[in-house]
Amino acid sequence: MSGAPANIAARLPEMAAQQPHRPAIFFPEGRNAAGRRLYSHYTYAQLDAASDRIAAGLVELGIGRGVRTVLMVKPSLELFALTFGLFKAGAVPVMVDPGIGRRNIKLCLAEAEPEAFIGLPVAHAARLLFGWGRATIRTCVTVGRRWFWGGETLRGVHARGAAVRTFAIAATKAEETAAILFTSGSTGVPKGVVYEHRHFLAQVESIGRHYRIAPGEIDLPTFPLFALFDPALGMTTIIPDMDATRPADADPRLLIEAIEDFGVTNLFGSPALLRRLGSFAAAQGVTLPTVKRIISSGAPVTAGVLHPFVGVLGPGAAIHPSYGATEAMPMASITHHEVLAETQALTARGAGICLGRPLAGLDVRIIGIDEQPIPVWSEALALPPEQIGEIVVRGPVVTRAYFRRDKSTTLAKIVDGNTFFHRMGDLGYLDGSGRLWFCGRKAHRVITPTAELYTVPCEGVFDAHPAVKRSALVGVQVAGRTEPLVCVELESGGRVQDQARLFDELRELGRAVERTRAIERFLVHPGFPVDIRHNAKIDRPALSRWAQGRW
């Protein structure tokens, strides 16, 4: 698209010109008398036209280029049209996960200083009640019925832009701020990651190239942010019937219904959702022959999550556990074939979890574990293969700063001339063939008087026990010193007939591996606390406090 602005929204009119009548989005709208699911939809031409009208209406309202705008709308046709309308207008969407809690939302919005707020009525009510963005928000748009808070409605925005046939997309530059995406705060305070337009464009290119996604495919994205890539990739989006903030509670029957109704070829989901879907489908004898690929992220994907899909997916399909973070995604990927055939056995022997190989265009290194800022890169920082340290990465999908958090930016970035490395805060190593292995968060390692233990390599040993759903290494204080303890979540729903025998078997597993030989303490936990975004990352500080209170 010669001469097009560096704007992710520019991909939409291009796709609309190529496939105007192909459905872009389907949204579930209840059922008919026969029980069949009903859907509303946009074609690519309709989505392009709707986002043009919204962009024109927003600009007239004062929400134009550079205006930071909170967007709190559930997955829907309106969310897609609004997001692309904001990008077309050159506005800067501010995305905050509602699940982080009202106090954190207030802190995030005070930090972001948004000038506009677009949301559902309940979001506006919360904004007023809790004082979100009170000092800076001047323009409001309600998606739905507006009550006493004033401002414009989405219908009014459409009316303002109704006369526009084709909106001229804001001529944003590649390094211009496109959005501020707040981290979930599952491993610390939520931070606003500054996305430039070039980052979104690089992500679309990287995802499409690596996973060989072709226009015309059908996607069931169970994480809303990933769904917004679909129009740029030319895929048709099927919005799932689920609460996007609780993927672990998604009803697998509804997911399977959508897959079968539309012949879904691509599915994106967290490990928690995949565990639920795979185990249900396998138990019911369901097969999903149209699905070509499943992409998972948000937490490591264990072999226990992958195994049930072996008889569910077709022979040419693959599950792709992927690795990355809000600051840098995607970074690395592997297929379930490689995991089940090779790396799961190494994981059970304490090697950590294999993340696969870095994606094209990324430079991934391992550096020594250091809590202090590293201002300038030196090749001497890089560790040799097989040595555990902190994962760092540079490349086109890597963001350069946190919004108005200079100290966090300084701690996370290592300058190398005109480029930089991002410190992931994760530990791992590169093996002799260039594959990346994950060993847990830097902040979660357990340091005892005699050893430094890394969470994921240790947990892989105990996860191999058939009664264990997952385990978590934490540190507890015993007689004034830190001791390692492993919390265990059971496959049987939290009960075991002979707990003492289970613990003896776990100790036996641990003694067979050098990394885990010193671990003697175990506790059974009824259900691990997890992050709010993917319901998959273990909240280890909370689990550590729980264990300390019971030891």
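**Cavities, sheet and helix packing in a predicted model**

About 110 Å³ of space lies in the largest cavity, where a cavity is a set of points on a 1 Å grid over the protein atoms alone at which a 1.4 Å probe fits but cannot get out, and where a volume is the space filled by probe spheres set on grid points joined across faces, edges and corners. Residues are numbered from 1 along each chain as its sequence is written, and side-chain values use heavy atoms, with hydrogens and water left out.

The structure holds three cavities of 30 Å³ or more. Which residues line the largest cavity? They are Ile-8, Thr-83, Phe-84, Phe-87, Met-95, Ala-179, Leu-181, Phe-200, Leu-225, Leu-228 and Phe-229, a lining residue being one with an atom within 4 Å of a point. By class this lining has ten nonpolar, one polar and no charged residues, with Ala, Val, Leu, Ile, Met, Phe, Trp, Tyr, Cys and Pro counted as nonpolar, Asp, Glu, Lys and Arg as charged, and the others, Gly among them, as polar. H3 gives the most to it, with three residues; helices here are DSSP runs of H or I with at least four residues, strands are runs of E with at least two, and both are numbered from the N terminus.

The second largest pocket has about 230 Å³ of space, a pocket being an open set with protein on both sides within 12 Å along at least five of seven lines. Of its 15 lining residues, Glu-78, Leu-120, Val-143, Gly-144 and Leu-154 lie nearest the centre. Helix H3 (77–89) and helix H6 (154–160) each supply at least two residues of this lining, and the largest share, three residues, comes from H6. By class the pocket lining has seven nonpolar, five polar and three charged residues.

Turning to the sheet, seven strands form an open, mixed arrangement in the order S7-S6-S5-S3-S4-S8-S9, where two strands pair if DSSP finds at least two bridges between them. Strand S7 (152–153) and strand S9 (192–196) are the edge strands, each pairing on one side only. Strand S4 (residues 92–95) runs parallel to strand S8 (residues 177–182), and two bridges join them; the bridge partner of Val-94 in S8 is Ile-180. H3 packs on this sheet, touching strand S3 (68–72), S4, strand S5 (116–119) and S8, and its direction makes about 175 degrees with that of S3.

Strand S1 (residues 23–31) and strand S2 (residues 37–43) run antiparallel and are joined by six bridges, with Ile-25 opposite Tyr-42 in S2. They form a hairpin with five residues between them, and Gly-35 in the turn has a positive phi of about 90 degrees.

Finally, the axes of helix H10 (residues 252–262) and helix H11 (residues 271–284) come within 9 Å and cross at roughly 80 degrees, axes being lines fitted to C-alpha atoms, for helices over the stretch in contact, and angles running from 0 to 180 degrees between N-to-C directions. That makes H10 roughly perpendicular to H11, a term that covers 65 to 115 degrees, with under 35 roughly parallel, over 145 roughly antiparallel and the rest oblique. Pro-252, Arg-253, Leu-255 and Ile-256 of H10 make the contact with Leu-273, Arg-276, Leu-277, Phe-280 and Ala-281 of H11, contact meaning heavy atoms within 4.5 Å.

How values were computed
This is a predicted model: local features need pLDDT of at least 70, side-chain atom pairs count only at pLDDT 80 or more; totals for chains, interfaces and linings use all residues.
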